[in-house]
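Some notes on the model follow, in numbered points. Please read them beside the coordinates.

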Amino acid sequence: MIGSNILSFAKSILSDALESGGIAVDATVGNGYDTVFLSRSVGSCGHVFGFDIQEEAIAQTESRLEEECTAANWTLFKAGHENMLEYIPEEFHGRVGVIMFNLGFLPGSDKSVITKPETTIAAVRSSLSLLSVGGVLCIAIYAGHPGGDDEDSEVRQFCRSLDYHSYRVVQSEMINKPGHPIRVVFVFKL
Ligand SMILES: C[S@@+](CC[C@H](N)C(=O)[O-])C[C@H]1O[C@@H](n2cnc3c(N)ncnc32)[C@H](O)[C@@H]1O
């Protein structure tokens with residue numbers, strides 16, 4: 001059921017902007033679940049660029065993609081997403097349909113390696129220039145872990161400040177979920 005999990009809800013929204021042959025970016029590949037979703041969605045004529053700073057995440061994502069995807073349509077970079085404009089070839093700038101961020105730490109790994117507000121916001125800025133008109137940026141934000149609350153508030157403050165005439169920003173979260181529900185921010189480029 002789409003609504004049972006906020007991340008599957010987010011993917012159902014993104015499906016509209018993901019077309020066969022499209023270009024997508026996974027800014028935080030982690031265990032590779034989102035990269036697999038993007039790879040399958042854009043198909044053999046599309047392409048997915050993925051970033052992570054941890055070798056473990058890149059290796060895990062590579063093997064998940066090889067096992068679960070039929071098209072070899074991805075390029076993974078062991079690099080910070082704040083450098084994405086340098087890594088993604090210029091021919092794709094302004095042509096990306098969907099960019100996903102899943103912030104925080106890699107589940108099952110070193111919880112001290114986390115995304116940080118300064119680099120996340122730099123990457124979000126770059127993402128806005130990579131997106132096509134009609135493209136969507138999706139940021140899953142986690143509070144509750146050390147550093148998470150600051151990132152949550154700084155990233156949402158940045159998104160809140162985007163010009164309404166150029167972008168529409170939507171926030172969704174399960175407001176009856178106990179603890180710290182994941183917040184998902186969508187930025188739609190007009
Ligand atoms: C919550 S996990 C991502 C989960 C992933 N999307 C999945 O489907 O399994 C967050 C990831 O962000 C990575 N990360 C932290 N700082 C980063 C940066 N500056 N650039 C790219 N990735 C970063 C971490 O190494 C970690 O693997």
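Which residues does His47 touch, not counting residues up to four places away in sequence? Point 2 takes this up.

1. This is a predicted model, in which local features need pLDDT of at least 70, side-chain atom pairs count only at pLDDT 80 or more, and totals for chains, interfaces and linings use all residues. Residues are numbered from 1 along each chain as its sequence is written, and side-chain values use heavy atoms, with hydrogens and water left out.

2. His47 touches Gly22, Ile23, Ala24, Val42, Asn73, Trp74 and Thr75 (contact: heavy atoms within 4.5 Å). His47 belongs to strand β2, residues 47-52 (strands are DSSP runs of E, at least two residues, numbered from the N terminus). A polar atom of the His47 side chain is 3.3 Å from the backbone oxygen of Asn73.

3. Around the ligand there are 22 residues, of which Thr28, Asp34, Asp52, Gln54 and His81 come nearest (a heavy atom within 4 Å). That shell holds nine nonpolar, 10 polar and three charged residues; Gly counts as polar, and Asp, Glu, Lys and Arg as charged.

4. A ligand nitrogen lies 2.9 Å from a polar backbone atom of Thr28. For the side chain of Asp34, an N or O atom is 2.9 Å from a ligand nitrogen. The protein covers 96% of the 610 Å² of accessible area that the ligand has on its own (Shrake-Rupley method, 1.4 Å probe).

Definitions and conventions: Polar contact = N/O pair within 3.5 Å; in protein donor to acceptor, adjacent residues only side chain to side chain. Helix = DSSP H or I, 4+ residues; strand = E, 2+ residues; numbered from the N terminus.
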